[in-house]
Amino acid sequence: MKNIFIEGLQGMGKSTLLQAISQKAPEYHVCREGDYSPFELAWCTWMTEKEYRKSLQKFQSLRKEISMHTFREGEHYIVTYTKILTDAAGFHQYFGEYEIYNGRKPLRELEEIILSRYRKYTGTGCLTECAFMQNIMEELILFQQLDDDEILSFYERLYDAAACRDSFLLLYLYSGNIAENLEIIRRERSDAQGNQLWHDLMMSYLASSPYGRKHGYTGPEHLVQHLRHRQQLELRVINEILKGRAAVLPAKQWEPGEVFRLIKTK
């Protein structure tokens with residue numbers, strides 16, 4: 001079995017592709033964003049024992065739920081905190097401060113956390129989304145502010161470190177019309193009153209990041225510019241590093257037969 005990584009810009013249909021594969025191949029273990037994954041830590045904590053014990057003390061009424069969503073890796077505690085439904089004041093904000101992204105870790109520590117987890121996983125049959133590119137790439141561009149060559153160098157080290165290289169397959173969803181795709185998402189991810197919640201969050205995320213502030217990114221055209229740059233970088237990773245371990249598929253227009261041939265033969 002492969003370890004399948006689904007990637008592509010926001011709105012390209014990653015979750016739809018993941019769902020289609022999981023239905024056709026239920027033997028795969030699915031890791032969505034926020035789930036406990038051997039690779040990805042988005043929407044999860046990375047806590048020391050002291051930090052974890054402190055969180056249990058602070059939210060004593062939720063100790064059972066927190067414990068049920070906690071996974072220990074060596075000296076660190078991973079809490080899939082977004083899976084806990086609660087209206088406890090400040091709960092999600094508190095645990096969110098223990099994520100590794102959004103500039104919360106210095107580059108060397110961030111790199112070692114990511115590489116160490118890829119080094120350790122020797123299994124197969126994992127089906128993930130956003131675990132190899134999206135969250136890491138956004139961090140390296142927007143918060144660590146690495147240049148293109150530095151990012152390519154990071155991905156060379158990451159892929160070299162991966163113990164699952166022989167079973168690695170990345171499926172990349174691509175569209176040449178980023179602005180049109182963003183407009184579709186803008187409409188689809190609005191609330192009943194027409195408020196564009198997703199788009200506003202994305203703009204705030206970009207504009208408030210160190211990279212966004214440095215470059216004066218404030219408007220929708222800047223979001224398109226950033227995503228176009230990110231897509232170019234991700235395609236370079238595919239073409240220069242992953243090569244035969246990746247396939248580029250047309251976003252929302254991929255053929256199921258082709259996808260399952262790739263899974264069996266790549």
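This briefing describes the overall build of one protein and one of its sheets. The model is predicted: local features need pLDDT of at least 70, side-chain atom pairs count only at pLDDT 80 or more, and totals for chains, interfaces and linings use all residues. Residues are numbered from 1 along each chain as its sequence is written, and side-chain values use heavy atoms, without hydrogens and water.

**Overall build**
- The protein contains 12 helices and eight strands; helices (H or I, at least four residues) and strands (E, at least two) are DSSP runs, numbered from the N terminus.
- Its radius of gyration, taken over C-alpha atoms, is 19 Å, close to the 18 Å that the globule rule gives for 266 residues, so the protein is as compact as a globular protein of that length. The globule rule is 2.2 Å times the number of residues to the power 0.38.
- Along the principal axes, the C-alpha atoms fill a box of roughly 50 × 45 × 40 Å.

**Burial**
- Of the 266 residues, 53% are buried, which denotes under 20% relative accessible area (1.4 Å probe, protein chains only).

- Three strands form an open, antiparallel sheet in the order 3-5-4; two strands pair if DSSP finds at least two bridges between them.
- Strand 3 (47–48) and strand 4 (70–73) stand at the edges with a single partner strand each, so one side of each has no neighbour in the sheet.
- Strand 3 is joined to strand 5 (residues 76–79) by two bridges, and the two run antiparallel.
- Met47 has Tyr77 of strand 5 as its bridge partner.
- Strands of a sheet pair through backbone hydrogen bonds, either parallel or antiparallel.

Technical notes:
Buried means under 20% relative accessible area, exposed over 50%, partly exposed in between (1.4 Å probe, protein chains only).
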